[in-house]
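Me: I would like to learn how to read the packing of helices and strands in a model. Could you walk me through it?

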Amino acid sequence: MQLVFVGPPGVGKGTQSEWLSSFLAIPHLSTGDMLRASVEQKTDIGKSAQGFIQDGKLVPDDIVIEIVDSRLDEEDCRNGFLLDGFPRTLEQAEMLDQRLASRGMPLSLVLELTADESQLLQRLVDRGRDDDSPEVVRKRFQIYRNQTKPLLGYYDEKNILKSIDGSGTREEVREHIRLAVRQQGLEA
Ligand code: B4P
């Protein structure tokens, strides 16, 4: 099974993906984590991505697409995967569809997590990562609204979108997700 988590910064994509990937026994592929690891290891990709992440901008599609595509080729993705934070643009979504079609592994479900920006701003400021200052977070929200939200219509038309309230506690959100996944007939 192939799943995607979409949602604004700080809504809990990473938090819930950790649990859901182990519940479904599929690998968790977070482009944010992969990019931050590349920055830490000072690879060429990391050097290109660093400034974009610090400024709260999206890393260019060609860089992110390259990272995801090579990760999808790894052995542990053969029976499916959970993508967290990818795709974030229509171009990334279209590329993903093409690459998955060529592998005969179309997306099973796209989970949208939702919550108010004011609540998310507080979560991120409390977390305090380099790209979590209020100014940068506001820019990330704006980019989400302009560049990532159009994906919701794209996936809704394909009838694979489910929206989930991400504003409760971690445990409450987990239960909403568990129900959505069950309703879709997806279990490990
Ligand atoms: P990501 O790493 O994807 O980060 P995110 O959107 O901020 O966070 P997420 O929704 O996963 O929140 P989390 O669970 O951590 O992206 C970072 C940057 O990488 C982007 O800005 C961009 O530059 C780049 N990037 C990544 N993917 C890209 C792509 N495809 N294309 C281009 N660029 C890309 O939760 C946040 C905090 O809230 C945590 O402290 C958590 O503990 C807390 N929390 C979670 N759930 C909670 C709950 N229910 N209640 C209270 N607190 C909660």
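Reply: Happy to; we will take the sheet, then a helix pair. This is a predicted model, where local features need pLDDT of at least 70, side-chain atom pairs count only at pLDDT 80 or more, and totals for chains, interfaces and linings use all residues. Residues are numbered from 1 along each chain as its sequence is written, and side-chain values use heavy atoms, with hydrogens and water left out.

Me: What is the strand order of the open sheet?

Reply: Strands of a sheet pair through backbone hydrogen bonds, either parallel or antiparallel. Here five strands follow the order β2-β3-β1-β4-β5 with parallel pairing (strands are DSSP runs of E, at least two residues, and helices runs of H or I, at least four, numbered from the N terminus; pairing takes at least two DSSP bridges). β2 (28–30) and β5 (161–165) each have a single partner strand, so one side of each lacks a neighbour in the sheet. Three bridges join β2 to β3 (residues 81–84), and Leu29 stands opposite Leu83 in β3.

Me: Which strands does α1 touch?

Reply: Contact means heavy atoms within 4.5 Å. By that test, α1 packs on β1 (2–6), β2, β3 and β4 (109–114).

Me: At what angle do the axes of α1 and α9 cross?

Reply: Axes are lines fitted to C-alpha atoms, for helices over the stretch in contact, and angles run from 0 to 180 degrees between N-to-C directions. The axes of α1 (residues 13–24) and α9 (residues 170–183) cross at roughly 45° and come within 11 Å. Among the residues meeting there are Trp19 and Phe23 in α1 and Ile177 and Val181 in α9.
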